[in-house]
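Please look over the sequence and the structure shown here before reading on. The briefing then takes up a few topics in turn.

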Amino acid sequence: MKRIYAREEYCVGCRLCEIFCVVGHSKSKDIIKTYKKEEDRPAPRVVVWEKGPLSFAFQCRHCDQPVCVEACITGALSKNEEGAVLCNEDKCVGCWTCITVCPFGAIKRGDSEKKKIVKCDLCSGESEPFCVSHCPNRAIVFEERGVE
Amino acid sequence: MKYVIVGNSAASVGAVEGIRKVDPEGTIMVLSEESYPAYSRPLISYYLAGKVKEEDMYYRDPDFYEKNRVELLMGKKVIGIAQKQGTVEVEGQQPIPYDRLLLAVGSSPYLPPIKGIDNQDYYFFNYFNDVKEIEHKIMNKQVTQPLIIGAGLVGMKAAEALALLGLSVTVVELGPHILGSILSEAPARMVQRRMEEKGIRFIFEKSVKEVPWGQDPQGVILSDGQGVLTDLLIVAAGARPRLELVEELPLGKNQGVKVNQYMQTDLEDIFAAGDVAEGWDTLQEENRVIPIWPGAYRQGFLAGLNMAGLKTEDVGGFALNSIGFFGFPIITAGVFEAKEGNEEVLCREKPNSFLQLVFRNNRLLGFIKVGEVDRAGILTWLIKDRIDCSTFKENLLKPDFCLLDLPLALRRDRMRGGENVESIGCA
Ligand SMILES: Cc1cc2nc3c(=O)[nH]c(=O)nc-3n(C[C@H](O)[C@H](O)[C@H](O)COP(=O)(O)OP(=O)(O)OC[C@H]3O[C@@H](n4cnc5c(N)ncnc54)[C@H](O)[C@@H]3O)c2cc1C
Ligand code: SF4
Ligand code: SF4
């Protein structure tokens with residue numbers, strides 16, 4: 001399946017991917033409205049990790065055999081037919097069992113009142129995830145690589 | 001092929017999904033003593049506290065049984081297994097034949113010997129009906145001061161829920177601190193303080209000795225003779241695998257039912273998974289029951305694959321738990337205390353967080369993370385894959401530890417990730 005891959009040699013740590021992830025998951029999908037007008041602004045699902053000159057954007061790997069899905073105590077997590085691992089936020093109770101098992105550290109704790117998790121959904125429905133299409137350096141790509 | 005599954009919870013749902021992955025044809029019958037579609041047992045305390053509504057308790061979509069062509073018989077208790085005939089017995093019904101049988105019966109709560117308890121109103125905290133009865137009693141305004149026996153995972157979740165309902169909760173624990181199965185003393189005290197701030201009272205190193213009959217006001221008597229008033233007694237003193245159905249069968253059992261790497265008992269056509277089964281613990285290097293939800297699902301799934309004929313070996317697993325109280329999170333995995341003397345323990349303690357890492361031969365054996373739990377799964381992976389941590393051990397103590405703190409080759413491997421990631425093997 002197509003996955004998002006980071007190319008750390010091109011990442012400058014500008015964090016535009018985080019900003020556009022927020023925009024992509026907002027109601028308006030418009031950067032100005034998202035940041036200036038909307039009340040429940042979503043949290044970014046991609047994180048830029050940075051140490052000195054090294055930085056890269058990281059998010060859920062949408063594993064072939066997702067242990068988070070296997071472990072989720074409520075059945076909130078599932079893998080859809082395209083291979084995206086998605087969270088049904090109505091069901092998630094924020095127990096963090098998935099955080100206990102995700103071998104990539106790719107799930108964030110939500111800080112909303114209800115404590116749902118925050119994770120990449122590959123911008124389901126879009127041809128290319130927002131973070132990928134808005135990275136000015138092509139430091140994140142969306143492609144089929146198969147097993148390396 | 002006729003598959004019969006006794007029990008309808010995590011292991012059972014896993015088995016249905018495992019069977020259907022391999023065999024779209026065979027008939028699957030699920031027999032459940034409880035009268036609900038599979039629900040998330042860990043959510044019963046959320047339900048009691050009013051945090052989750054009944055319709056959100058269910059573990060799968062409403063069309064799960066239909067989609068997987070499962071005949072679900074609810075409210076049917078299996079009372080016997082006739083292994084020679086290959087049938088199971090249900091009260092008031094013809095024997096039900098099976099080709100492959102799965103025991104997914106879980107565990108039942110333990111009632112410690114307490115004088116007079118048989119004559120009393122007391123509650124367990126295990127099944128959905130238990131919390132519905134407790135809820136009913138609370139709604140009738142009959143409860144002000146619940147008393148919980150046991151400060152383990154279940155007792156503490158019950159305490160949290162009841163405190164959230166505004167009741168003044170007392171917990172009586174035989175051990176020296178709370179959550180003895182997953183926490184060492186220092187982090188346990190940290191969590192205890194949080195709970196005390198919410199009005200929960202703890203009595204340690206005592207047991208409930210007697211429940212005097214017909215007293216008003218009601219109460220219990222502790223092992224030191226002290227009396228404690230209560231109008232709701234909850235017993236959360238641990239659980240035991242439910243062996244009642246296999247007592248007479250010629251198959252190996254210990255604490256739980258012994259299974260091999262295919263989740264098969266000593267009888268070829270009988271499998272077991274979940275809280276009733278003793279699977280392989282990769283860290284303790286022995287077969288034992290690890291009573292956790294993810295492990296039950298995974299074992300059930302494996303059992304399903306094997307029952308349907310796809311031989312799939314279990315790699316084993318280890319204990320892991322994620323739990324939290326009043327928003328204060330705790331994640332633990334593996335072995336959390338030095339046992340053999342050749343372990344190395346690294347620790348970082350702050351007023352509101354605690355991290356303990358246990359290594360043996362530079363490999364992570366287990367951890368306790370309290371207050372600050374982000375990316376704990378990276379540690380779980382280090383345990384599971386037995387990664388040599390000698391060059392970056394100290395990095396794991398950093399509060400913002402992430403992939404950047406791993407050596408280049410490991411980090412690259414993680415960043416690529418996703419393909420061929422195996423099951424974590426939790427339990
Ligand atoms: C309050 C509470 C909170 C918990 N929280 C967590 C948590 O946060 N994380 C975690 O990992 N684990 C948690 N656990 C543990 C977890 O729920 C268990 O490990 C898990 O439910 C085991 O699943 P199972 O399928 O093996 O059995 P069970 O869930 O115990 O289900 C067994 C089923 O079989 C039925 N049954 C038994 N005998 C018969 C019979 N003869 N005929 C018909 N039906 C029968 C029972 O009625 C029951 O429905 C919690 C447990 C409790 C009680
Ligand atoms: S959350 Fe973690 S375990 Fe789940 S699919 Fe994503 S990377 Fe894999
Ligand atoms: S935090 Fe949410 S998604 Fe993760 S295991 Fe718990 S219920 Fe499932």
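This is a predicted model: local features need pLDDT of at least 70, side-chain atom pairs count only at pLDDT 80 or more; totals for chains, interfaces and linings use all residues.

Chain B and chain A bury between them an area of about 3800 Å², and the structure holds 28 salt bridges over all chains.

**Contact between chain A and chain B**

- Chain B brings 47 residues to the contact, and chain A brings 39 residues.
- Of the area of about 3800 Å² that is buried between the two chains, carbon and sulfur atoms give 60%.
- Three salt bridges are counted between chain B and chain A, and A:Arg109 and B:Asp374 meet through their side chains in a salt bridge with an N to O distance of 2.8 Å.
- Side chains of opposite charge can pair when their charged atoms come close.

**A salt bridge within chain A**

- A:Asp64 and A:Arg3 form a salt bridge in which the closest N and O atoms are 2.8 Å apart.
- Because A:Asp64 lies in the loop between strand E3 (54–58) and helix H3 (67–71) of chain A, while A:Arg3 belongs to strand E1 (residues 2–6) of chain A, the pair ties together parts that are 61 residues apart in sequence.

**Surroundings of the ligands**

- Around ligand 2 there are 13 residues, of which A:Cys60, A:Arg61, A:Cys63, A:Cys68 and A:Cys102 come nearest.
- By class, the shell around ligand 2 is made up of ten nonpolar, one polar and two charged residues.
- The residues around ligand 3 include A:Cys72, A:Cys92, A:Cys95 and A:Cys98, and also A:Trp96 and A:Ile117.
- The shell around ligand 3 divides into eight nonpolar and three polar residues, with no charged residue.

**The five-stranded sheet of chain B**

- Five strands of chain B form an open sheet with parallel pairing, in the order E9-E16-E10-E11-E12.
- Strand E9 (122–124) and strand E12 (201–204) of chain B are the edge strands, each pairing on one side only, and neighbouring strands of this sheet are turned by 25 degrees against each other on average, direction ignored.
- Strand E11 (residues 170–173) of chain B pairs with E12(B) in the parallel sense over four bridges, and within this part of the sheet B:Val172 stands opposite B:Ile203 in E12(B).
- Helix H4 (residues 128–139) of chain B lies across E9 and strand E16 (232–235) of chain B, and the helix runs at about 140 degrees to E9(B).

**The three-stranded sheet of chain B**

- Three strands of chain B form an open sheet with antiparallel pairing, in the order E13-E14-E15.
- Strand E13 (208–210) and strand E15 (227–229) of chain B are its edge strands, and each pairs on one side only, while neighbouring strands are turned by 50 degrees against each other on average, direction ignored.
- Strand E14 (residues 219–222) of chain B pairs with E15(B) in the antiparallel sense over three bridges, and the bridge partner of B:Ile221 in E15(B) is B:Gly227.

**Further parallel pairs in chain B**

- Strand E1 (residues 2–6) of chain B runs parallel to strand E7 (residues 100–103) of chain B and is joined to that strand by four bridges, with B:Leu103 in E7(B) as the bridge partner of B:Val6.
- E7(B) also runs parallel to strand E19 (residues 270–272) of chain B, to which three bridges join it, and B:Leu101 stands opposite B:Ile270 in E19(B).

Conventions:
Residues are numbered from 1 along each chain as its sequence is written. Chains are lettered from A and ligands numbered from 1 in the order in which they are written. Side-chain values use heavy atoms; hydrogens and water are left out. A residue is near a molecule or strand if one of its heavy atoms lies within 4 Å of it. Ala, Val, Leu, Ile, Met, Phe, Trp, Tyr, Cys and Pro count as nonpolar, Asp, Glu, Lys and Arg as charged, and the others, Gly among them, as polar. Two strands pair if DSSP finds at least two bridges between them. Helices (H or I, at least four residues) and strands (E, at least two) are DSSP runs, numbered from the N terminus. Axes are lines fitted to C-alpha atoms, for helices over the stretch in contact, and angles run from 0 to 180 degrees between N-to-C directions. Contact means heavy atoms within 4.5 Å. Buried area is the accessible area (1.4 Å probe) that two parts lose on being put together, summed over both. A salt bridge is a side-chain nitrogen of Lys or Arg within 4 Å of a carboxyl oxygen of Asp or Glu.
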